[in-house]
Amino acid sequence: MAPGTDQSSATPAPEKELPPAIRGLWKREQAVSYSTLLNDIDNKEIKQLDLIPSRREVRVQYNDGRRATVPVFANDNQILRAAERSGTSLQVVDLRREQAAQQLAGTLLMVLLVVVGLSLLLRRSAQMANRALGFGRSQPRLKPQEDLQLRFEDVAGINDARLELEEVVTFLKQPESFIRLGAKIPRGVLLVGPPGTGKTLLAKAIAGEAGVPFFSMAASEFVELFVGVGASRVRDLFRQAKEKAPCIVFIDEIDAVGRQRGAGIGGGNDEREQTLNQLLTEMDGFEENSGVILLAATNRADVLDAALMRPGRFDRRIEVGLPDRRGREAILAVHARTRPLADDVSLADWACRTPGFSGADLANLLNEAAILTARHDQSSIGQQQLEGALERITMGLSNRPLQDSGKKRLIAYHEIGHALVASLLPAANSVDKVTILPRGGAGGYTRFMPDEEVLDSGLITRASCLADLVVALGGRAAEEVVFGPLEVTQGASGDLQMVAQLAREMVTRFGFSSLGPMALEGPGAEVFLGRDWFNQRPGYAETTGQEIDEQIRHLAKNALAHAIDLLTPRRELMDRLVDALITEETISGDRFREIAGLG
Ligand code: ADP
Ligand code: MG
Ligand code: ZN
């Protein structure tokens with residue numbers, strides 16, 4: 001019979017059956033002295049002894065269920081011996097160890113937390129470092145086929161460029177027929193043209209048509225924070241491209257990276273040059289007919305490095321120009337597909353009225369008209385909304401109409417002056433519209449319809465230049481004729497600027513003056529900082545410069561005199577036109593000619 005297991009049979013059972021928490025309450029603790037305890041041990045009255053040295057106490061459980069806690073010496077051995085003698089069960093409880101264990105667990109938990117936290121931090125900073133230093137894997141956007149919804153039919157009005165590129169598509173689709181004939185397909189195709197003419201659009205359409213992977217990247221993405229990153233991106237791009245051949249690599253706005261090397265104040269930009277060098281190397285590196293075609297677009301071909309343009313690199317250059325009248329009509333039709341037009345809207349008509357508009361401008365025109373239509377709660381885009389949109393794009397937002405009638409009258413005479421002079425000169429453009437509704441800072445304006453033939457051919461005659469000068473000064477002339485030389489206003493300053501610019505070009509570039517057929521200045525292209533900055537010397541003598549100024553003054557003065565001559569004898573007609581303009585506020589070109597009797 002082991003001690004402490006059997007005695008329960010001698011005591012009443014209830015303690016056993018009660019939950020442990022209540023046991024202590026059931027039998028209250030009793031005060032027991034040290035000597036009594038030793039006696040009780042010897043008398044075998046005790047069931048269990050728990051010695052807790054750290055607290056210098058022993059907890060006692062009697063056989064009859066009583067409990068007691070008795071203080072003992074720290075290194076007490078009397079109790080040990082007594083328990084030994086009587087065979088009482090004795091347990092030494094080391095609370096410190098328990099506490100230590102608890103503390104250890106706590107510490108371990110802390111350490112674990114710190115480690116986990118640190119590793120998270122480390123991983124994050126590693127990711128950041130990767131992103132920054134690991135330059136690497138550019139993600140040229142490899143577009144899945146479904147995304148490339150654009151087709152050639154979405155690109156209108158630039159047929160020449162389209163035809164050239166269709167050849168590229170044919171090659172990508174059936175390379176055999178080309179290779180059999182020993183033909184080498186161009187490696188690089190460069191699209192050059194003013195902004196908004198559809199270069200990016202065309203590139204996307206090619207990818208859609210050819211049904212091959214299309215890597216697209218803006219050149220500015222190459223040029224990154226760290227030296228060498230750009231070059232590695234180029235390498236990466238071409239590595240991916242070669243894996244996916246046949247495919248198209250498109251670099252938009254390539255002038256950001258492909259500028260002439262060694263240019264720039266202080267000798268150029270190392271990083272950009274490295275990137276460009278890498279691009280050139282890669283272009284040499286892929287074999288002929290490997291099925292990778294490099295397509296690039298820019299609107300500043302003049303600043304590109306010559307090495308980019310040599311055969312074997314961008315050996316084909318496609319000019320994407322502003323669309324002509326038919327092109328504009330086709331572009332309008334493309335964008336009208338998704339927009340409900342009213343029946344009275346003629347796209348051919350609108351193509352006539354938007355000379356010089358790019359594809360993006362035309363898309364914008366229809367979009368603005370759609371916005372106006374929605375604002376007026378109408379179901380289809382009408383003539384009126386298109387008018388509003390055109391005005392908004394060309395002249396800016398409309399301002400509140402003038403109340404002051406004196407000022408309004410002056411503006412009316414000014415505008416009628418422009419319009420009347422134009423309708424009296426055969427070489428001038430015809431009047432499209434005259435209005436005194438203020439818009440975008442102008443009190444009123446006269447719009448002209450440029451000759452389509454002139455626009456399409458791009459050839460300007462000397463007569464039309466001279467006529468333009470007279471028309472531009474028609475406003476100032478009218479003010480002078482009607483109100484006298486002291487009452488003229490600064491409202492003509494825009495006109496004067498235009499006159500100065502046109503007259504200068506006539507003298508220095510077109511050879512339209514008595515100075516003779518000499519080109520004294522190049523085309524007024526944007527300055528390429530770094531290349532043009534230091535060698536900006538006029539290519540003529542100082543005396544020639546004086547002569548140029550004289551010629552310009554001569555042209556302007558003559559034009560103003562001519563306009564005054566035309567208007568002075570027609571004072572009555574002017575008054576009639578001004579009255580009509582003030583009451584109607586806006587009159588169309590046809591209405592103008594009707595009132596003027598010039599039909
Ligand atoms: P960029 O030549 O500057 O790259 P985009 O190709 O980006 O011009 O053209 C901008 C937008 O103008 C196009 O998304 C498209 O809506 C419109 N657009 C431009 N040109 C044409 C065009 N020839 N045919 C149809 N839409 C055009
Ligand atoms: Mg573009
Ligand atoms: Zn004017």
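A polar contact is a pair of N or O atoms within 3.5 Å; within protein, one must be able to donate a hydrogen and the other to accept it, and residues adjacent in sequence count only if both atoms are side-chain atoms. This is a predicted model, in which local features need pLDDT of at least 70 and side-chain atom pairs count only at pLDDT 80 or more, while totals for chains, interfaces and linings use all residues. Residues are numbered from 1 along each chain as its sequence is written, and side-chain values use heavy atoms, with hydrogens and water left out.

Me: How far does a polar side-chain atom of Thr 200 lie from an oxygen atom of ligand 1?
Reply: Lys 199 places a polar side-chain atom 2.8 Å from an oxygen atom of ligand 1. For Thr 200, the distance from a polar side-chain atom to an oxygen atom of ligand 1 is 2.6 Å.

Me: Which domains does ligand 1 lie between, and why?
Reply: Domain bounds come from an automatic or database domain assignment. Ligand 1 lies between two domains because both give residues to its shell: domain 2 (141–319) and domain 3 (325–395).

Me: Which protein residues are donors of the zinc ion (ligand 3)?
Reply: Donors are N, O and S atoms within 2.8 Å of the metal (3.2 Å for Na, K and Ca); water is not among the atoms, so sites may look incomplete. Along the chain, the donors of the zinc ion follow the spacing H-x3-H-x76-D. Lying 2.0 to 2.1 Å from the zinc ion, they are His 414 (NE2), His 418 (NE2) and Asp 495 (OD).

Key:
Chains lettered and ligands numbered in written order.
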